[in-house]
Amino acid sequence: MYQEHAECGNLPELLQQLGKDLDQYLRFEHPDAMSNEASWKAALGGPLPEQGIGCEQLLASMRQYLIPNGSQVPKPGCTAFITTGATSAGVLATLSGTVAAPQRVGLTAFNYLEELSLQWMAEMFNLPATMKGIYSSGGSVANLVALGAARQWAFERLGINPAEDGIQRPCRLYASSACHRTIHRAAAVLGMGRSAVVTIQADNNGRLSPTALRERLAADARKGFVLVAIVANAGTTDTGAIDPLAEIGEIAREFQAWFHIDGAYGLPGVLDPRIEHLYQGMELADSLIVDPHKWLGAPVGIGATFVRDRSILNRAFSQGAADYLEGACHDNNIQNSMQSMGVPYHDFGVELSAPSRGAVVWALIREIGKTGMRERICRHNDMAQLVADLANKHPNLQVVQKPTLSICCFRYISDLAPDLNDLNKQIHRELVEEGRCIPSTTIINGNLVIRPCFVGARTTELHARELVDAVVTAGDGLLENIRNSSNRS
Ligand SMILES: *Cc1c(COP(=O)(O)O)cnc(C)c1O
């Protein structure tokens, strides 16, 4: 054991204990955090400590009060979010990076995997071989980086360098009404404003209509806006719908617009041979994002942006020369990992200090390979289809949106219920309180629906069946109450 100061602790021993504590957590035998909120707040809180308790006491406190009162998200029955519990490979690689490569820069093995894992993902997802990437904290920042590139490109064509001089002209970005709201936030942060995002009403299948898009572009064409980007979804957050990428890509070419694809959730779906054709047109993208911390099961905090030409990211995001960075590097005859920054990722995005995320994605792919990834993606898509099949067979269930990927939007229906949205909201409430199956809800064409999204590596077909049963049981029970109360009155 290597230990220099007491506060560095005995890492191997502590990790061994932590491993047991986390394993206990993953049994999900503890009650929900809010059921004993007062006790853990009292134990973890208090005034600013004048004296420390040391690592062992700290870990004991984590074991007793912190870890057991964590989130329900990693639960196999939790299908509420698109993020999920990390798999072990990702946890191991994250921890390794935290200890051995707290920065992604320098000519280390970790830095090598930063680029390699991006290339592996590009190849695995059938992206054009020329596309290069950069990691960031997740889809929010990945979209921001991609749209920063789009803004750079659009203004450079007008002889303006927006990174240097800012933007003085009103901009337009076009996206489906089902696009993720981080598109709007990115437009705000990039100085274009939320109102620069024109949302085109998605069709009944949640997809952006190319006809509606073209009409709106043509109508706006002579209004003097700077056309910054057309944004398409490869898997919407609500329903998993995939926009008609090839047609939208053609329109982007026609109007000479940057074509961005948000595949934060859905890009890995391309691995499923049954739906691979829906991704045709991806090769037209100027930029594209995917979140390894979603369907690939990475620990949260990893998104990736791919662009056709990474030099544009440099022009958009270079932080400028800094003596403490460049001055510490050497130009030639490099003999030591500290003599170069390696690929200058800090000049391609918005983060300087950043963890070694590449090693995590490398570990995930290295562990189970492309085949393992494909199997998991197909398995999750099957679960959504299973929910749809079971719902179709049940007289009180209705599939509101057929699954494209691993999301199935359905609801409980009955002529007896005065308000189906209310009823399904109550069903959802009961499910969450019961705690075994935790989907989310969303609204589709005014209908509140139950929305499971299957992305967890620990989730099985059984959980999908259990969810449908739980919805039926809760719905039947509520219906019984309605019957009883109408009989009484
Ligand atoms: C989740 C999601 C985002 C945002 O990603 P974060 O990693 O949560 O920041 C963006 N776009 C889509 C389509 C998403 O599903």
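Q: What volume does the largest pocket have?
A: About 920 Å³ of space lies in it. A pocket here is an open set of points on a 1 Å grid over the protein atoms alone, where a 1.4 Å probe fits, with protein on both sides within 12 Å along at least five of seven lines. Grid points are joined across faces, edges and corners, and the volume is the space filled by probe spheres set on the points.

Q: Before we go on, what kind of model is this?
A: It is a predicted model: local features need pLDDT of at least 70, side-chain atom pairs count only at pLDDT 80 or more, and totals for chains, interfaces and linings use all residues. Residues are numbered from 1 along each chain as its sequence is written, and side-chain values use heavy atoms, with hydrogens and water left out.

Q: Back to the pocket. How many residues line the largest pocket, and which lie nearest its centre?
A: The lining has 28 residues. Leu22, Leu26, Ala86, Thr87 and Val91 lie nearest the centre. A lining residue has an atom within 4 Å of a point.

Q: Which element gives the largest share of that lining?
A: Helix α1, with 6 residues. Both α1 (11–25) and α4 (88–100) supply at least two residues each. Helices are DSSP runs of H or I with at least four residues, strands are runs of E with at least two, and both are numbered from the N terminus.

Q: How do the lining residues divide into nonpolar, polar and charged?
A: There are 16 nonpolar, 10 polar and 2 charged. Ala, Val, Leu, Ile, Met, Phe, Trp, Tyr, Cys and Pro count as nonpolar; Asp, Glu, Lys and Arg count as charged; the others, Gly among them, count as polar.

Q: New topic. How many aromatic pairs does the structure hold?
A: It holds 3. Rings of Phe, Tyr and Trp (its six-membered ring) pair if their centres lie within 6.5 Å; planes under 30 degrees apart count as stacked, over 60 as edge-to-face and the rest as tilted.

Q: Why is the pair of Trp153 and Trp258 called tilted?
A: Their planes are at 55°, so the pair is tilted. The ring centres are 6.0 Å apart.

Q: Where do Trp153 and Trp258 lie?
A: Trp153 is in helix α6 (residues 139–156) and Trp258 is in strand β5 (residues 258–262). The pair therefore ties together parts that are 105 residues apart in sequence.

Q: And is Trp258 buried or exposed?
A: Buried, at 4% relative accessibility. Trp153 is partly exposed, at 26%. Buried means under 20% relative accessible area, exposed over 50%, and partly exposed in between (1.4 Å probe, protein chains only).

Q: What about the rings of Tyr265 and Trp295?
A: Their centres are 5.2 Å apart and their planes are at 35°, so this pair is tilted. Tyr265 lies in the loop between β5 and β6 (287–290), and Trp295 in the loop between β6 and β7 (303–307). Tyr265 is buried at 1% relative accessibility. Trp295 is buried too, at 0%.

Q: Which residue lies over the face of Phe225?
A: Arg172, at 3.7 Å from the ring centre. A charge sits over a ring if NZ of Lys or CZ of Arg is within 6 Å of the ring centre and within 35 degrees of the ring normal.

Q: Switching to cysteines. How many disulfides are there?
A: The count is 0. A disulfide is a pair of cysteine sulfur atoms within 2.5 Å.

Q: Last one, backbone. What is phi of Asn445?
A: Near 45°, a positive value in a residue other than glycine. Asn445 sits in the loop between β10 (440–444) and β11 (447–451). Asn445 is exposed, with a relative accessible area of 58%. Gln256 also has a positive phi, near 55°. Gln256 is in the loop between α10 (245–254) and β5.
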